[in-house]
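User: I have a structure to go through and I'm new to this. Can we take it piece by piece?

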Amino acid sequence: MKGKRIKCLELALCCIGAVFAVQGCGASSNDGKVEIEIVQYKPEAANYFKMVEDEFNASHDDIHLTISSPNDATTILKTRFIREDYPDIIGIGGDINYSYFVDAEILADVSDYGGMKNINQGYLDIAESLELVPVDGTYIIPYVANAAGVLYNRDMFEEYGWEIPETWDEMIALCEEIKTEGILPFYFGFKDTWTCLAPWNAMAVALAPADTAKQVNRGDTTFTTEYRELSEKFLQLLPYGPEGPFAYGYNDACTAFARGESAMYTIGSYATPQILSVNPDMNIDSFVMPASDNKDDRTLNSGIDLGFCVMAECKNKEAAYEVLDFLYADENIQKYIDAQNAVPCKTGDFALSSMLDGMSAFIETGNMTDYQDHYYPSEMSVDALLQTFLIEQDVDAFLSTFDTNWQRYNRDIIRMVKEYEGKE
């Protein structure tokens with residue numbers, strides 16, 4: 001690894017306070033099989049990946065596959081990378097950590113993988129946009145995505161004849177109409193800071209440039225400029241939720257929505273398994289958050305929830321690609337979709353959950369925009385910053401703090417970008 005390119009990875013590791021004892025890559029098999037190790041970061045999908053491991057090994061005589069799904073996999077992976085103890089393939093999300101790994105030059109270029117031609121171009125574009133500075137090649141194969149916007153109680157909407165809003169004014173009018181029926185429009189789970197990011201991201205895709213973070217890093221704009229309308233509209237949602245929204249966490253909000261205590265819930269598709277665990281018969285649908293005054297500005301807030309990267313140190317790329325072929329078989333992707341209520345990144349005739357009906361047109365046309373928080377460094381704790389903002393409701397103070405903290409936590413990336421742009 002090149003010293004100047006590992007800097008961002010080292011920055012990502014600086015907040016790890018303990019050394020994790022982890023097992024290195026599996027030793028060569030005694031029976032002559034090629035050993036392929038995958039570490040993937042979705043522990044909630046561990047049963048699915050155990051099934052994949054078992055079925056692959058039962059059907060292949062020349063390759064033995066091991067898939068690990070540990071809690072806190074990203075931290076474990078970073079620790080292994082510092083030790084240069086690499087698995088063959090990693091399963092990660094399309095966020096700032098992926099950006100660090102690309103910059104550190106520890107991922108293999110997979111543009112020669114045959115299955116790449118079947119991936120939805122929208123998700124390939126999202127992956128490319130995550131690069132801190134443009135690089136040649138492709139370094140992740142998107143597997144599944146999630147979608148965020150507004151979940152709604154379909155039966156309740158049909159009973160009262162409520163229309164799905166397409167603009168911000170229509171959204172506010174709908175909330176007022178719902179209130180006149182004595183029903184709470186939204187439930188929030190803002191006690192858990194990460195839930196503050198769900199409506200923020202879903203609104204941001206229509207109100208701020210998709211490359212806001214990159215523009216700020218280049219010095220072309222500020223968050224104060226790009227996030228003002230977003231911040232002001234975020235505050236406008238609060239009166240349509242429960243009193244004391246910071247007293248309720250994610251599980252509370254899922255339970256309340258499942259019990260019909262609100263008509264809508266500003267969260268992603270990933271919440272539906274939790275909701276259905278409370279009320280299996282609930283009739284849920286979803287729609288894109290209409291944050292703009294122009295309905296044509298609507299775009300689906302969707303990003304790469306899981307993708308696979310082959311490590312540059314992988315000793316047998318051909319065997320790794322054979323494993324990927326198995327993972328990307330239509331029947332296996334469908335099993336993952338069914339288990340996790342996910343959106344496939346592969347094109348094809350997949351059966352999506354009815355809870356995504358209201359978003360299907362955006363998925364089919366590729367009208368999607370990545371989550372803004374996929375560009376935020378974890379050390380900046382934007383989720384906590386948002387919670388504080390929602391409590392204090394001071395737009396100017398929030399935006400000023402956002403800009404100040406961004407410069408503090410991204411100074412090395414900003415320097416790299418300016419060097420690339422020839423500004424230093």
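**Asp-252 and onwards**

Analyst: Asp-252 is partly exposed, with a relative accessible area of 37%. Buried means under 20% relative accessible area, exposed means over 50%, and partly exposed is in between (1.4 Å probe, protein chains only).

User: What kind of model is this, and how are the residues numbered?

Analyst: This is a predicted model, in which local features need pLDDT of at least 70, side-chain atom pairs count only at pLDDT 80 or more, and totals for chains, interfaces and linings use all residues. Residues are numbered from 1 along each chain as its sequence is written, and side-chain values use heavy atoms, with hydrogens and water left out.

User: Ok. Which helix is Asp-252 in, and what does it touch?

Analyst: Asp-252 lies in helix 12, residues 250–258. Helices (H or I, at least four residues) and strands (E, at least two) are DSSP runs, numbered from the N terminus. Not counting residues up to four places away in sequence, Asp-252 touches Tyr-187 and Ala-247. Contact means heavy atoms within 4.5 Å.

User: How far apart are the C-alpha atoms of Asp-252 and Phe-190?

Analyst: They are separated by 10.0 Å, with the two residues 62 apart along the chain.

User: Switching to Tyr-123. Buried or exposed?

Analyst: Tyr-123 counts as buried because its relative accessible area is 0%. Tyr-123 is in helix 5, residues 121–129.

User: What is Tyr-123 in contact with?

Analyst: Leaving aside neighbours within four places in sequence, its contacts include Pro-142, Ala-145, Ser-302, Gly-303, Val-343 and Met-368. With Ser-302 there is also a polar contact of 2.8 Å between the side chains. A polar contact is a pair of N or O atoms within 3.5 Å; within protein, one must be able to donate a hydrogen and the other to accept it, and residues adjacent in sequence count only if both atoms are side-chain atoms.

User: And Ser-286, where is that?

Analyst: Ser-286 is in strand 8, residues 284–287. At 1% relative accessibility, Ser-286 is buried. A polar atom of the Ser-286 side chain lies 2.7 Å from the backbone oxygen of Met-355. Met-355 is also one of the residues that Ser-286 touches, among them Val-150, Tyr-152 and Gly-358, when residues up to four places away in sequence are not counted.

User: Which helix gives the largest share of the lining of the largest pocket?

Analyst: Helix 3, with 4 residues. Just after helix 3, Glu-84 takes a positive phi of about 60°.

User: What classes of residue line the largest pocket?

Analyst: The lining has 21 nonpolar, 14 polar and 8 charged residues. Ala, Val, Leu, Ile, Met, Phe, Trp, Tyr, Cys and Pro count as nonpolar, Asp, Glu, Lys and Arg as charged, and the others, Gly among them, as polar.

User: How many cavities of 30 Å³ or more does the structure hold?

Analyst: The structure holds 1. About 100 Å³ of space lies in the largest cavity. Of its 14 lining residues, the closest to the centre are Ile-96, Leu-132, Lys-214, Asn-217 and Tyr-375. Helix 9 supplies the largest share of that lining, 3 residues.

User: Last one. How many disulfides are there?

Analyst: A search of the whole structure finds 0 disulfides. A disulfide here is a pair of cysteine sulfur atoms within 2.5 Å.

How values were computed: 1 Å grid on protein atoms, 1.4 Å probe; cavity = no way out; pocket = protein on both sides within 12 Å on 5 of 7 lines; lining within 4 Å. Points joined across faces, edges and corners; volume = space filled by probe spheres on them.
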